[in-house]
Amino acid sequence: MNSPAHASGRLVAYGCLALSMSLVGGYVALSKPLVAAFPVLLLAWLRFGIAALAMPHWLKRAPDEPPMTSRTRWLVFLESFLGNFMFSICMLFGVSLTSAVSAGVIMASIPACVAVASWLFLRERITVRIGLAIACAAIGIGLLALSPAHAPASPTASSTSMPWLGDLLVFCAVLCETAYAVIGKSLTGRLGPKRIASLINLWGFVLSMPFGIWFALQFDFTAVRFGTWALLVAYALAASIWTVWLWMTGLRHVPAAQAGVFAVLLPVSAALVGVLVLGESLSSPQLIAFVVALIGVVLATWPGRRT
């Protein structure tokens, strides 16, 4: 029988996963003004650097945590390279070439990708309810794909943008996010959430350093306005600290396939920020798609029958 403590722990895990993906979607959409102000590779380096200054105390190993093996170190590197560094590069380049709503369309495929990857690599069983939740995410993607694309309403939008290339890069980010979920599930059994967040951010800083220094030497930092700097700090803290810690905390208590369903909140929040903050438009099919996606989250998190 499921104990009250177990049920409350699951509820907290669901909340952490939902909040993490909502924050990711929000900062993905808000990164559009940042990529207009900074070169993408410089922006990634600044993000990792700002976050590194905020969490050096998270690098310390907890007393009850075993020393890292060579396999754990390799998983930490892959988690950072694929789920942190490459995700940031693909996503930042992608949203600079397409709209936030279009990015949300593609990111809605994350739950299905995570479910397939967890079945292949973690041997997790996909239950009927999780399968239905993934189907809801797929239906949402179909509705979004059939609706007309909406470009940003800003008259200053670049005429040289290539939506197809932006969409392709966002899909590459989806694959990176899938690897992030699956590898993260393996790491949560070995390291604490805070240490995982600090280690993969440190690797991201090292990987982006050569490109960041190159662009920094040629960039005019005095031309950046105060509001943009404030947005950059918020983006760095959300992307490298809050979302990673929340995701790893929730992933310790939830199978990767079930956690992946919460990724539907990523495109929902990205599209809502695109509409409410960036002035993009939202059609009726897109609104219906988001409702279907939320039904999928309810299916994935509905309490199971007591045994």
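Two residues are in contact when they have heavy atoms within 4.5 Å of each other. Keep that in mind for the tour of this predicted model.

**The whole chain**

Show the protein chain as a cartoon. The secondary structure comes to 12 helices and zero strands, so expect α at every position when you read the pattern along the sequence: α-α-α-α-α-α-α-α-α-α-α-α. Now consider contacts between residues at least 6 apart in sequence: 93% of these join residues at least 24 apart. Of the 307 residues in the chain, 51% are buried. Switch to a surface view. The accessible surface comes to about 14,300 Å², and 73% of that belongs to carbon and sulfur atoms.

**Stop 1: the core**

Select Phe38, Met107 and Trp247. These three touch the most other members of the largest nonpolar core, which has 74 residues. Stay with Phe38 and display what surrounds it. Setting aside neighbours within four places in sequence, Phe38 is in contact with Leu43, Leu46, Phe219, Val224, Thr228, Trp229 and Leu232.

**Stop 2: the salt bridge**

How many salt bridges does the structure hold? There is one salt bridge in the structure. To find the pair, select Arg195 and Glu65, whose side chains meet at 2.6 Å, N to O. Arg195 belongs to helix H8 (residues 193–216), while Glu65 sits in the loop between helix H2 (40–54) and helix H3 (70–97), so the pair ties together parts that are 130 residues apart in sequence. Both Arg195 and Glu65 are buried.

**Stop 3: a charged residue without a partner**

Is Glu177 buried or exposed? Glu177 is buried, yet has no salt bridge. The nearest side chain of opposite charge is that of Arg47, 8.9 Å away. A salt bridge needs a side-chain nitrogen of Lys or Arg within 4 Å of a carboxyl oxygen of Asp or Glu. Show the contacts of Glu177 as well: leaving out residues up to four places away in sequence, Glu177 touches Met21, Phe87 and Ile110.

**Stop 4**

**Stop 4: Trp242**

Select Trp242 in helix H9 (residues 226–251). Trp242 has a relative accessible area of 41% and is therefore partly exposed. Trp242 and Ser20 are 222 residues apart along the chain, but their C-alpha atoms are separated by 7.3 Å. Not counting residues up to four places away in sequence, Trp242 touches Leu23, Ala234 and Leu237.

**Stop 5: Val291**

Finish in helix H12 (residues 284–301), where Val291 is found. With a relative accessible area of 47%, Val291 is also partly exposed. Which distance separates the C-alpha atoms of Val291 and Gly140? Their C-alpha atoms are separated by 8.2 Å, and the two residues are 151 residues apart along the chain.

Conventions. Residues numbered from 1 in each chain as written. Predicted model: local features only at pLDDT ≥ 70, side-chain atom pairs only at ≥ 80, totals over all residues. Heavy atoms only, no water. Buried < 20%, exposed > 50% of the residue type's maximum accessible area, 1.4 Å probe, protein only. Lys, Arg positive; Asp, Glu negative; His and termini not counted. Core = buried A, V, L, I, M, F, W, Y, C linked by side-chain atoms within 4.5 Å. Helix = DSSP H or I, 4+ residues; strand = E, 2+ residues; numbered from the N terminus. Areas by Shrake-Rupley, 256 points an atom, 1.4 Å probe, with all protein chains shown as cover.
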